[in-house]
Structures are given as structure tokens and as C-alpha cells.
Amino acid sequence: MNTSSLSFLQSAFPTSSSFLPPNPLTPSFCFVVEAHSTTRRQDRTARHTRIRKKVEGTPERPRLSVFRSNKHLSVQVIDDTNMHTLASVSTMQKAVFEEFNYTAGPTVEVAKRVGEIIAKSCLEKGITKVAFDRGGYPYHGRVQALADAAREHGLEF
């Protein structure tokens, strides 16, 4: 292949001596390929967006939304039609935080206790059925323990 047949590539990709040192055996153009990379947070947000297309909270069946971080765990029961939070529990609340003595973040036992508290709070307000929104997190560990504890204490998913 001669260089005249590659002239369209040379015009599309300007040459620069900063990319490669000059070499008489290689053509004078170069390709820059960049990989598309996403962070774990962006992946989780995309999963959460896909879940939210299917799960919606109504007054009869509000959405139980879970957020977890390395240090805390937060749960809300949300009526999406009225954009209103009906109940919420978090490990940042003083009553929950003082009950457990953990330094490395909430464990499965803490998640079970948060599930119990949110279930009792919902039942007091007359909420028995909820739509579970795992927030893009895998249904393992703390998220699963929270859901199981809420089911055991009277919430229907």
C-alpha cells in the first residue's frame, strides 16, 4: 500500500511529534485510542435509573428506597406521586447510632435492626405493602438483611 492511498487519513489525523518519535519506517500519522471507563458510582447510578423506570411508589404501595455507604445505611419510604417521604430511618440518627457500637461501618446486624425499625414505623402509619428499591446495589449482605428483617416484621414486598 503506497502513501498516496493513505492521504485521506493524514488529513483527518494531524501529525504531531509529541506523540511518537520520528521513525522513517512508520507513517507520519498516529491513532489515539481512549477507553471508555466508568466508575463504580456511575455504574450503580445507571442500575438505579433502570430500576426506577420499573419501581414507582404510590399512596397505596410506597417505595422502600435503600442507600448504603461505607459508614452509614439509610432507608426511606416514599410516595412518588405526591413526592413525600412517609417514613425514614438512618444510622446517622442518634437513637440508632447509640444502640450499636461500630467503627468500621454498619454490619449485617445493624442492617437487620434498621429493617426492624422501618417496618415498625411503617406499620404504625398504616403502611403494610411497599415496593422495594435496592438503589442499584446488589441484593446481598446488608441490603438483603434489611429487606428480610422488614419482611419478618410485617412489611409485604
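Is Arg151 buried, partly exposed or exposed? I found Arg151 partly exposed, with a relative accessible area of 38%. I took buried as under 20% relative accessible area, exposed as over 50%, and partly exposed as in between, with a 1.4 Å probe and protein chains only.

**Basis of the entries**

I note that this is a predicted model, in which local features need pLDDT of at least 70 and side-chain atom pairs count only at pLDDT 80 or more, while totals for chains, interfaces and linings use all residues. Residues are numbered from 1 along each chain as its sequence is written, and side-chain values use heavy atoms, with hydrogens and water left out.

**Overall layout**

I looked up the secondary structure and found 5 helices and 4 strands in the protein chain. Helices (H or I, at least four residues) and strands (E, at least two) are DSSP runs numbered from the N terminus. Read from the N terminus, the order of elements is α-α-β-β-β-α-α-β-α.

I then turned to burial and surface. The protein chain has 157 residues, of which 33% count as buried. Its accessible surface is about 10,600 Å², and carbon and sulfur atoms hold 53% of that surface; the areas come from the Shrake-Rupley method with a 1.4 Å probe, only the protein chains shown counting as cover for residues. Among contacts with a separation of 6 or more, 55% are between residues 24 or more positions apart. Contact here means heavy atoms within 4.5 Å.

**The sheet**

I traced an open sheet of 4 strands in the order E3-E2-E1-E4, with mixed pairing. E3 and E4 are its edge strands, each pairing on one side only. From one strand to the next, the twist averages 20°. Two strands pair if DSSP finds at least two bridges between them. I recall that strands of a sheet pair through backbone hydrogen bonds, either parallel or antiparallel.

I followed E1 on both of its sides. E1 and E2 are antiparallel, with 6 bridges, and a hairpin of 4 residues joins them. In this pairing Arg68 is opposite Leu73 and Phe67 is opposite Ser74. Towards strand E4 (residues 131-133), E1 runs parallel and is joined by 3 bridges. There Arg63 faces Ala131.

I also checked H4 against the sheet. H4 lies across E1, E2 and E3, at about 145° to E3. Axes are lines fitted to C-alpha atoms, for helices over the stretch in contact, and angles run from 0 to 180 degrees between N-to-C directions.

**The nonpolar core**

Which residues touch the most other members of the largest nonpolar core? I found Leu64, Val77, Val114, Ile118, Cys122, Phe132 and Leu146 in that position, in a core of 25 residues. E1, E2, E3, H4 and H5 each give two or more residues to this core, and H4 gives the most, with 6 residues. Such a core is a set of buried Ala, Val, Leu, Ile, Met, Phe, Trp, Tyr and Cys residues joined through side-chain atoms within 4.5 Å.

I listed the neighbours of Leu146, leaving aside residues up to four places away in sequence. Leu146 touches Leu64, Val66, Leu73, Val75, Ala111, Val114, Gly115 and Phe132.

**Salt bridges**

I found 6 salt bridges in the structure. A salt bridge is a side-chain nitrogen of Lys or Arg within 4 Å of a carboxyl oxygen of Asp or Glu.

Where in the chain do Asp80 and Arg63 lie? Their side chains meet in a salt bridge at 2.9 Å, N to O. Asp80 is in the loop between strand E2 (73-79) and strand E3 (84-90), and Arg63 is in strand E1 (residues 63-68), so that the pair, 17 residues apart, links distant parts of the chain. Asp80 counts as buried at 16% relative accessibility, and Arg63 counts as buried at 7%. Both belong to a salt-bridge network that links Arg52, Arg63, Asp80 and Asp133.

Glu116 and Arg113 form a salt bridge of 3.0 Å, N to O; both are in helix H4 (residues 108-124), 3 residues apart, about one turn of the helix. Glu116 is partly exposed at 21%, and Arg113 is partly exposed at 23%.

Arg151 and Asp148 form a salt bridge of 3.1 Å, N to O. The two are separated by about one helical turn because they are 3 residues apart in helix H5 (residues 141-152). Asp148 counts as partly exposed at 29% relative accessibility.
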